[in-house]
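Morning, everyone. Please have a look at the screen while I talk you through this one.

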Amino acid sequence: MQSRTSPRIPSRLLTLGLSCTLAIAPGAWAADPADTFNRLLDQAVTHEHLPGIAMAVVEDGEVVFTGTRGERQAGQGEAINPDTLFKIASNSKAMTAALLARLVDRGLLRWDDPVIKYLPQFRMHDPWVTQQMQVRDLLIHNSGLGLGAGDLMLWPEPNRFTRQDIIAGLAHLKPVTSFRSGYAYDNLMYVVAGEVAAAAGGKPYDQLLREEVFVPLGMDRCQVGAWSVTAVGNVAQPHARKDGRSVVHGADGDLSPDLTSMAAGGIRCSLRDMTRWMQVLLDPARVPGWLGAVQRRALWTAHMPMPLGERQRRWDDAHVSAYGYGWRLSDMDGQWKVAHTGTLSGMYSSLALLPDRKVGVVILINSDAEDARTALMQAALKHYTAPDDGADVEHYLSLLAQERAGRREAGQVRPDTRARRPAPLRTTAAAQGRYRDPWLGEALLCPQQGTLRFSVAKSPRLRGQVMQLGERWLVQWDTLGADAEPWLQLQPGAPPTLTLAAIDPEIDFSYDYQDLHFSRVGDCP
């Protein structure tokens, strides 16, 4: 066990919002697992000011803890319960992989089939890669594309890109490494995988997922495709922190649309659904015959090595990291760990399994809450992998704060842009016009009501005012935060071009501005 320099938690009385109060000694876990997990859950809620959260723990295949806190929508008084729907984001990928595994089991496709067998229109930038790309390659982030390449066709939502737009856009995304030579997380390939499943299964992806995964596993509340939010009900809304409080950000309308991203990150499920999902994954006897042993092993086989992070080494004493089909695989204190996270604006999820122990933990949060998710999952798993440790959520939150402080000292911080001013129209006339990027499509850099505006035609939330800071321009988005803002630079030429670059060094990788190259195609309307 690694030594820690931060202090152990002091003795204290912790009120858990239950009918009892528990005294927890330093460095010790409560005898009842539910007491321990209630304490950890309350720490996460209190320290990170979460509007709502749901958490469940499975031990030896049985549910030993279910806990919910907060509201579906802050201030509305509607409590979260085990049936509340959350966006599970990239935890959808494991379900897409399971669907494909079911089709392999049924003989409807093979993992080594070429993608063009099912999608003849599929093209990568390199024709050789187009021919060689197999179904299995779609799931393991080895395409050669850069981190999050093309994600601006998926997010921010809502937008007007279709799955066919995604497939067509791939041909214009230039690789940054050779095919199968390394790992770089990729969402677009999972969109393609969903279309492969639909072609092989002879039905739309959402219908197949319901028939092949949700129904046989009893995941009754999970939603995919288009569905009525009003009719289904009990749906958590995404939140962000603003002026010291949680506010709804990107609320649902009456209808949840058929999201282009659903195979990569567009599924919603309840805590009860996700608990059932964990139980079946940990114990195939719960649903005999749902997935054969060969395909179960395929899902959790290390198909692509992943970089082993310094945090994994320090926190988990980890030695191995790899990607399976829709899952991250690693070791934690000498135990096998299978896990994934999910991140969307205002919604965070995490699911981790210790298969040899038949242990699983799932966390669903309706807020931007990366630290809470990380610290709570880590503390919960340590209950099983290092039971004498006793490090809690507060401990891991303090370590995350230390990491951020280290980055600040190293200068890895967002530059101060508060001195920005609206870019003068008279000095930007040469740059104004209609532009086009090969995969993101048309954009305007044009005057509107006395200001210079930048807007992407197919992505309504990529619209904002052009500001000037010194000699540089930046885009101040109308509905996105400052952490998503890019620099905007004009490159003279025939025709002139526009490029975008992230301002914040810790920007979400899905804002892949570096992959854009806008060429001028005409005058402003």
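First, the ground rules. This is a predicted model, where local features need pLDDT of at least 70, side-chain atom pairs count only at pLDDT 80 or more, and totals for chains, interfaces and linings use all residues. Residues are numbered from 1 along each chain as its sequence is written, and side-chain values use heavy atoms, with hydrogens and water left out.

Now the disulfides. A disulfide is a covalent bond between the sulfur atoms of two cysteines. Here the term is used for a pair of cysteine sulfur atoms within 2.5 Å. How many does a search of the whole structure find? Two.

Take cysteine 222 and cysteine 269. Their sulfur atoms sit 2.1 Å apart. This pair links distant parts of the chain, 47 residues apart. Cysteine 222 lies in the loop between helix H6 and strand E6, and cysteine 269 lies in strand E10. Helices (H or I, at least four residues) and strands (E, at least two) are DSSP runs, numbered from the N terminus. The link is right-handed, with 115 degrees about the S-S bond.

Next, cysteine 446 and cysteine 524, also joined at 2.1 Å, S to S. They are 78 residues apart, with cysteine 446 in strand E19 and cysteine 524 in the segment after strand E25. This link is left-handed, at -100 degrees.

Are these two cysteines buried or exposed? Buried means under 20% relative accessible area, exposed over 50%, partly exposed in between (1.4 Å probe, protein chains only). Cysteine 446 has 8%, so it counts as buried. Cysteine 524 has 24%, so it is partly exposed.

On to helix H9, residues 271-282. Its twelve residues should span 16 Å at 1.5 Å a residue, and its end C-alpha atoms are 16 Å apart, so the two agree. The expected span is 1.5 Å times one less than the number of residues. Ten of the twelve are buried, including Trp277.

Last, the hairpin. Strands E7 and E8 pair in the antiparallel sense over four bridges. Pairing takes at least two bridges found by DSSP. Histidine 239 has valine 248 in E8 as its bridge partner. Two residues lie between the strands, and aspartate 243 takes a positive phi near 55 degrees.
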